[in-house]
Amino acid sequence: MAPRQVPTVRQRRFGTELRRLREAVGMTAPVAGERLGADRTMISNIEAGRFGISEERLRRLASIYECDDPELVDALATMTGGRSKGWWDEYRGKIPPDFLDVAELEHHATSLRTLQTVRIPGLFQTEEHARALFDLVVPALPRLEVELRVAHRMERHRALVSGAGTAYVGIVHEAALRMRIGGRGAAKAQLERLLEESERTNVQLLVIPFAAGGFPMAEGSMMYATAVNAHLDTVEMDSPVGAVFFDSPTQLANFRRRLDLVEQVALNSKKSQDFILGIVRDL
């Protein structure tokens with residue numbers, strides 16, 4: 001089996017959870033490999049996301065690690081998945097890999113919670129808005145890459161409309177709503193798109209007005225992707241050098257608490273819609 005050159009966040013997440021199970025019983029990677037009947041380096045490669053593993057071997061490892069959480073084992077089994085590819089894989093090698101990791105997380109999440117303080121949530125951006133944002137990148141991106149990034153961002157919307165649609169709670173600060181990215185016309189069209197999306201039964205859009213004052217994580221943006229098992233949740237945060245991902249139990253608990261606190265200072269869904277409509281009328 002050829003090793004993966006650049007494992008995805010989901011593949012690394014799978015390996016991380018297996019490492020935690022192994023460490024919980026105080027077993028070394030070479031011993032685990034020996035008990036599995038595999039090469040002594042195989043466990044390390046699996047835990048780093050470089051190698052995949054069959055469902056049968058996953059369940060054998062869970063037994064070796066004395067895992068007594070069948071729901072977690074079943075959730076990990078769904079991540080073995082063979083070599084099937086998602087729609088985002090057609091962009092591999094064409095746009096930054098963390099863009100693809102975000103799309104993959106959204107696709108597999110059972111629910112999503114996001115916070116945006118100076119940007120419209122990516123899942124709701126219009127083509128014109130997204131293109132204007134990518135045109136602001138320094139140094140300037142080649143035209144082809146801008147268009148590829150825009151196309152990829154538009155396809156991410158699938159997460160909200162495929163099947164029953166992923167449950168989504170998006171918290172947006174007034175600052176993001178008032179920025180006229182791409183000009184007055186583009187800004188108005190973008191806000192109208194937000195209002196349309198907020199009518200979906202699986203979507204809650206909550207606005208934090210300037211009048212709310214300070215709140216936790218006011219300096220950044222984040223996405224909390226809930227998995228089929230809480231142990232496998234993942235948080236993504238934007239940074240100047242790309243996406244950063246968090247998955248330790250303590251980190252996840254802290255992010256959930258912070259989002260709960262932020263929701264408390266946001267307007268409810270109806271008041272948020274009225275607030276956005278008021279900004280549209282002012283444009």
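Guide: Let us begin with a definition: an angle between helix axes, taken between N-to-C directions, counts as roughly antiparallel when it is over 145 degrees. Please keep in mind throughout that this is a predicted model.

Visitor: Why are α11 and α13 called roughly antiparallel?

Guide: Helix α13 covers residues 269–282 and packs against α11 at an angle of about 160 degrees, with the two axes 10 Å apart. The cut-off is 145 degrees, and α11 and α13 are therefore roughly antiparallel to each other. As for handedness, α11 passes α13 in a left-handed crossing.

Visitor: What makes the contact of α11 with α13, and how is it divided by class?

Guide: On the α11 side there are Lys188, Leu191, Glu192 and Leu195, while α13 contributes Gln273, Ile276, Leu277, Ile279 and Val280. Sorted by class, these residues are six nonpolar, one polar and two charged.

Visitor: What makes the contact of α4 with α5?

Guide: Glu55, Leu58, Arg59 and Ala62 of α4 meet Val73, Asp74, Leu76 and Ala77 of α5, and the residues of this contact comprise five nonpolar, no polar and three charged.

Visitor: What makes a set of residues a nonpolar core, and which residues have the most contacts inside the largest one?

Guide: The members must be buried residues of the nonpolar kinds listed for a core, joined through side-chain atoms within 4.5 Å. The largest such core has 26 residues, and Phe14, Leu18, Leu61, Tyr65 and Leu76 have the most contacts inside it. At least two residues each come from α1 (9–24), α2 (29–36), α3 (42–47), α4 (55–64) and α5 (70–77), with α5 giving the most, namely five.

Visitor: Which residues does Leu76 touch, leaving out those up to four places away in sequence?

Guide: Leu76 touches Phe14, Glu17, Leu18, Leu21, Leu58 and Leu232. There is also a second, separate core of 25 residues, which includes Ala176, Leu191, Leu195 and Ile279.

Visitor: Which residues of α7 are called buried, and against which helices do they pack?

Guide: Buried requires under 20% relative accessible area, and in α7 (residues 127–134) the buried residues are His129, Ala130, Ala132, Leu133 and Phe134. These buried residues pack against α6 (97–108), α8 (143–155) and α11 (184–197).

Methods. Residues numbered from 1 in each chain as written. Predicted model: local features only at pLDDT ≥ 70, side-chain atom pairs only at ≥ 80, totals over all residues. Heavy atoms only, no water. Buried < 20%, exposed > 50% of the residue type's maximum accessible area, 1.4 Å probe, protein only. Helix = DSSP H or I, 4+ residues; strand = E, 2+ residues; numbered from the N terminus. Contact = heavy atoms within 4.5 Å. Nonpolar A, V, L, I, M, F, W, Y, C, P; charged D, E, K, R; others polar. Axes fitted to C-alpha atoms, helices over the stretch in contact; angles between N-to-C directions. Parallel < 35°, antiparallel > 145°, perpendicular 65-115°, else oblique. Left-handed = near helix turned anticlockwise from the far one by under 90°.
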